[in-house]
Amino acid sequence: MNIAFSPLLPLPLIIVLALAATLLVGWSLFKRMRGAFLRALALAALVLALANPVANFEEREPVTSIVAIVVDRSPSQMSMDRTARTDAALQALTERLSRYPAFEARIIKAVTDPDAQSPSTQLFEALASGIRDVPSSRLAGAVMITDGQVHDVPGSLGTLGLDAPLHGLIVGDENEIDRRVDVVRSPRFGIVGEDQEIVYRVSDDGAAEGPVAVAVTVRVNGEEIAVETATTGEDSTFYLDLPRGGENIVELSVDVIDDEVTPANNRAVVLVEGIRENLRVLLVSGEPHAGERAWRNLLKSDAAVDLVHFTILRPPEKQDGTPISELSLIAFPTRELFVEKIDEFDLIIFDRYQNRGVLPVLYYDYIARYVEDGGALLVAAGPELAGVESIAETPLAPALPALPTGNVTLSGFYPRLSDDGRRHPVTRDLPGGGIEPPGWGRWFRTVSVRDTVGDEIMQGADGQPLLVLNRYGEGRIAMLLSDHGWLWARGFEGGGPHVALYRRIAHWLMQEPSLEEEAVRATALGRTLRIERQTMSETTDPATVKLPSGEVRDVELQPTGEGLFTAELNLDEPGLVEVTSGELTALAHVGAVDAPEFRATVSTTAALEPAAAQSGGLVARVNATASNLPQILPTRAASVNAGDRMGLRASNESVLKGVRAVPLFGGFLGLALLILALGATWFREGR
């Protein structure tokens, strides 16, 4: 209760009346007049009545204290029975808190963002956000329900503004075990064909006893290449020969052991960007012709290509008396190129070349073996292919995807894409190829062929094969059956995409992954998995997606172009995803490659104990039914240390619900007091 005044007259006037009354009372006392004391009481009562004192009675209600319950919903909590244990502990805790009217539970879910650069369990960040609107005087404490693998424990709780006890309830058994693979050191970039050092460690967390030897399977781009032996707890090294340019996914995996917490960290992934050293290309031209410069300019314009170019100016049978020193700058080193160093070339191009005795016949067999063993050969044919000195009459013939008929067609035609060509990645989206007539200039010569094998992706005059691609053994071979591609380079009738066509042919021959006609690709963009299926068929079966948790899903692929089918899938769990379509497999890693979330998954009390001890809280394990949940101890002490109980600080704060005002000199009470005072004065004067 408090006393306030609500004057009936203006305050200055009441003050003047009070001063006048004081003077009258003082004069009466000075003169020792009878009844001076009673007059003083009467005047005081009158002034007090005019001042109108009011008694205010406040109605207050105690406020509840907030208990912040942080629930760990990170991926490591989704393994085994931890989700059920977490739910049981949360239910038991909220039920127990409901018995105390002074406490109010606030549940804060801590969810790991799979799009984060390095996904981890951020419980203290979630706590700070969840209690931002709670005054420190109303915070009873915080309880974290987690497996103990917390990655943002602060050095001091003061940095979070947490001045209350912190408790940890650990879901998970004390004797858990888990085997994991960690990448200690790996290159981000590497040169194709050179060894790259990858250092990794296999660890047994939990109850495993002593170091043991384990088998580590190494896969590169989904293909198993080695099985290594590693000792747990020690660094091991693997040397990888990068197989291709672009992104290479290296996977290290170990077998799952009995009663393991999760198999998600039994695989580790390394992404190595393959960089090709300069590609070595051997270009052998026949007699000089207009299209020779087109090939040379294209290859010389690429800084990544080391070009070795020879033009056969004078065949051996030509005898005109001209000194050889005036016809050739250097001799054609046939043995060095086609016997000793043939395997060093990534691509060999025969540009209008004919068998005129420059190369011994046996060397053509070496070239065929070079292709069969994984090499690449491009035959850019002219009329020579149809003559008696054709390379089709050499031991190279079995490797060729088509054999000449001996005829050459001389008529204008538009190079057109075949049905296969509209689906093949080499020619599928060539600018100008999707309209009729094609949006490029004409050519005027085609070499007729028979017995074609492989893919006829472009057609010439009268629907004859113009560009044929084929695999031979481990290598690849292509035949371009016209020498008029240079017309596009010169801009004849608007020209055409000769650079794109020539370059794609060369890269397909050198087995560029993006140009494979049968391929499945998987790309992770944040938490979205994009699946792309390239095929020469008109339809394709659903893709099978194996998630990091082991769950398998079938995904329907939708056509997005000729020979191209795609789908997108939103995923919440980070880790390595395997996509299978028929016999083809692709890998993608959703989220960070080396996420802290899966470095250690065995439940532990060690991470939270320092912070809990600092605040006067406790860290305890709870069983599957949460029947051993620690007791709650409400207290109003500034510091809480409740031993094996969860101390929670009750607040002294209250909320003002209303104020009841009672006039002290209002109504009958004030009138009675005033009449009594005046009556006493009259009575005294009457005597």
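This report walks through some strands, salt bridges and a charged surface patch in a predicted model.

## An open sheet and its strands

Eight strands make up an open sheet, and their order across it is 16-15-17-18-24-23-22-20, with mixed pairing. Strand 16 (305–311) and strand 20 (416–417) stand at the edges; each has a single partner strand, so one side of each is left without a neighbour in the sheet.

Now look at strand 23, which covers residues 465–472. How many of its eight residues are buried? Six of them are, so strand 23 is largely enclosed by the rest of the structure.

Strand 23 has a partner in strand 22 (residues 455–459): the two run antiparallel and are joined by four bridges. As a place to start looking, find E456, which stands opposite V468 in strand 23. Strand 22 and strand 23 form a hairpin with five residues between them. In that turn, D462 has a positive phi of about 60°.

Strand 23 also pairs with strand 24 (residues 475–480), in the antiparallel sense and over six bridges. Here L469 has A478 of strand 24 as its bridge partner. These two strands form a hairpin as well, with two residues between them, and G473 in the turn has a positive phi of about 65°.

Strand 24 has another pairing, with strand 18 (residues 376–380). Is this pairing parallel or antiparallel? It is parallel, and it runs over five bridges. To find it in the model, look for A380, which stands opposite L480 in strand 24.

Strand 10 and strand 11 form a hairpin with two residues between them, and N221 in the turn has a positive phi of about 55°.

Strand 10 is also joined to strand 13 (residues 246–253) by four bridges, and these two strands run antiparallel. On this side, the bridge partner of R219 is E251 in strand 13.

## Salt bridges across the chain

Side chains of opposite charge can pair when their charged atoms come close. How many salt bridges does a search of the whole structure find? The search finds 32. Three of them are set out here.

| Side-chain pair | N to O distance |
|---|---|
| D147 and R82 | 3.0 Å |
| R504 and D429 | 2.9 Å |
| R471 and E517 | 2.6 Å |

Take the salt bridge between D147 and R82. This pair links distant parts of the chain, 65 residues apart: D147 is in the loop between strand 5 (139–146) and strand 6 (166–171), while R82 is in helix 3 (residues 82–97). Why does D147 count as buried? Its relative accessibility is 0%, and buried means under 20%. R82 is buried too, with a relative accessible area of 1%.

Next comes the salt bridge between R504 and D429. R504 lies in helix 10 (residues 498–509) and D429 in the loop between helix 8 (419–423) and strand 21 (446–450), so the pair links distant parts of the chain, 75 residues apart. R504 is buried, with a relative accessible area of 19%.

The salt bridge between R471 and E517 brings us back to strand 23. R471 lies in that strand and E517 in the loop between helix 10 and strand 25 (519–525), so the pair ties together parts that are 46 residues apart in sequence. R471 is partly exposed at 38% relative accessible area, whereas E517 is buried at 5%.

Salt bridges can also be linked in a network, as they are for R352, E384, R445 and D483.

## A negative patch on the surface

Finally, turn to the surface. E194, D195, D241 and E277 gather there in a patch of negative charge. Where is E277 found? E277 is in the loop between strand 14 (267–275) and strand 15 (279–285). With a relative accessible area of 48%, E277 is partly exposed.

Conventions:
Residues are numbered from 1 along each chain as its sequence is written. This is a predicted model: local features need pLDDT of at least 70, side-chain atom pairs count only at pLDDT 80 or more; totals for chains, interfaces and linings use all residues. Side-chain values use heavy atoms; hydrogens and water are left out. Patches are made of residues with over 30% relative accessible area and no salt bridge: like charges are joined within 9 Å, nonpolar side chains (Val, Leu, Ile, Met, Phe, Trp, Tyr) within 5 Å. Accessible areas come from the Shrake-Rupley method with a 1.4 Å probe; for residues, only the protein chains shown count as cover. A salt bridge is a side-chain nitrogen of Lys or Arg within 4 Å of a carboxyl oxygen of Asp or Glu. Lys and Arg count as positive and Asp and Glu as negative; His and the chain ends are not counted. The place of a charge is taken as NZ of Lys, CZ of Arg, CG of Asp or CD of Glu. Buried means under 20% relative accessible area, exposed over 50%, partly exposed in between (1.4 Å probe, protein chains only). Two strands pair if DSSP finds at least two bridges between them.
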